[in-house]
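I opened this entry to keep track of what I looked up in one chain. The notes follow the order in which I checked things.

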Amino acid sequence: MLKNLSKKLKEQVSLNNKKSLSELEPELRATLDAGKIAEFETHGFSMIPLLHDGGDRVRLIKPKGRLSVGDVALCVTDTGKYVLHRVIALKDEGYVFKGDNCIGTEFCKGDSDVIGVACAFIRRGRLVDTNSFSYRFYCRFRKPLLRLWQLFWKLADKFAALKNK
């Protein structure tokens, strides 16, 4: 996949993040429809620990058919919000999305509301392909790892409280 990705990068379009996603949507859809890769900086905290606010970037391609559970995609939700979240369930009438750092879910009505699917991320300056071992490992173990991370911080808070007594 990385070889194919590097060939396509010659046809990559980096989008101006000074505009809102609603302003960028026509340009983004045109870029993806032309078979190019669109790249932009992420904002927000909903996909931590995978993506961090500012600095990290995502590369999108046009989806080839229906999305799968685990895909990270940019879509317009049924409430009109633009989200880059992970598909957690497939429904006949659309998709259920959830950010890796979120409690609640978002609903996307159908394939026409999906703008693009992530093919790679640039995290801390390093390219992470969605077919790489490290990314697939993260996807497979993200829930247990997140629970361990949360437990670690709870214990750290308790130790800090005991130390301050």
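I started with confidence: pLDDT is the predictor's confidence in each residue, from 0 to 100. The chain averages a pLDDT of 85, and 89% of the residues score at least 70. Over residues 1–10 the pLDDT is below 50. I noted that this stretch still has 14 contacts in the model beyond near neighbours in sequence, a contact being heavy atoms within 4.5 Å. Where pLDDT is low, the predicted coordinates should not be read in detail.

The model is predicted, local features need pLDDT of at least 70, side-chain atom pairs count only at pLDDT 80 or more, and totals for chains, interfaces and linings use all residues. Residues are numbered from 1 along each chain as its sequence is written, and side-chain values use heavy atoms, with hydrogens and water left out.

**Overall layout**

I counted elements next, taking helices (H or I, at least four residues) and strands (E, at least two) as DSSP runs numbered from the N terminus. The chain has 3 helices and 9 strands. Along the sequence they follow the pattern α-β-α-β-β-β-β-β-β-β-β-α. Of the 165 residues in the chain, 36% are buried; buried means under 20% relative accessible area, exposed over 50%, and partly exposed in between (1.4 Å probe, protein chains only). Among contacts with a separation of 6 or more, 54% are between residues 24 or more positions apart.

Leu 28 sits in helix α2 (residues 21–33), and it counts as buried because its relative accessibility is 1%.

**Helix α3**

Which residues of α3 are buried? I found Tyr 135, Tyr 138 and Arg 142. The buried residues of α3 pack against β4 (72–76), β5 (82–91), β8 (114–123) and β9 (126–129). The helix bends by about 65° at Arg 142, and Pro 144 follows within four residues; the bend at a residue is the angle between axes fitted to the seven residues ending there and the seven starting there.

**Aromatic rings**

I then searched the whole structure for aromatic pairs and have 6 on record. Rings of Phe, Tyr and Trp (its six-membered ring) pair if their centres lie within 6.5 Å; planes under 30 degrees apart count as stacked, over 60 as edge-to-face and the rest as tilted. One of the pairs is Phe 137 with Phe 141, tilted, at 4.8 Å centre to centre and 45° between the planes. Both lie in helix α3 (residues 133–164), 4 residues apart, about one turn of the helix. Phe 137 has a relative accessible area of 40%, so I list it as partly exposed. Phe 141 is at 32%, so it is partly exposed as well.

Another pair is Phe 152 with Trp 153, edge-to-face, at 5.2 Å centre to centre and 75° between the planes. Phe 152 is partly exposed at 46%, and Trp 153 is partly exposed at 42%. Ring pairs also link Phe 121, Tyr 135 and Tyr 138 into a cluster.

Arg 140 lies over the face of Phe 141, at 5.2 Å from the ring centre. My criterion for a charge over a ring was NZ of Lys or CZ of Arg within 6 Å of the ring centre and within 35 degrees of the ring normal.

**Loops**

Is Asp 100 buried or exposed? At 6% relative accessibility it counts as buried, although Asp 100 lies in the loop between β6 (94–98) and β7 (106–108). Its side chain makes a polar contact of 2.7 Å with that of Tyr 138. A polar contact is a pair of N or O atoms within 3.5 Å; within protein, one must be able to donate a hydrogen and the other to accept it, and residues adjacent in sequence count only if both atoms are side-chain atoms. Leaving out residues up to four places away in sequence, Asp 100 touches others including Ile 48, Arg 86 and Arg 142.

Thr 77, in the loop between β4 and β5, is buried at 4%. Beyond residues up to four places away in sequence, Thr 77 touches Val 83, Glu 106 and Phe 107.

**Backbone geometry**

Most residues other than glycine have a negative phi, and most peptide bonds are trans. The peptide bond from Ile 48 to Pro 49 is cis, with omega near 10°; Pro 49 lies in the loop between β2 (37–41) and β3 (57–61). Arg 124 has a positive phi, near 55°. I place Arg 124 in the loop between β8 and β9, exposed at 71% relative accessibility.
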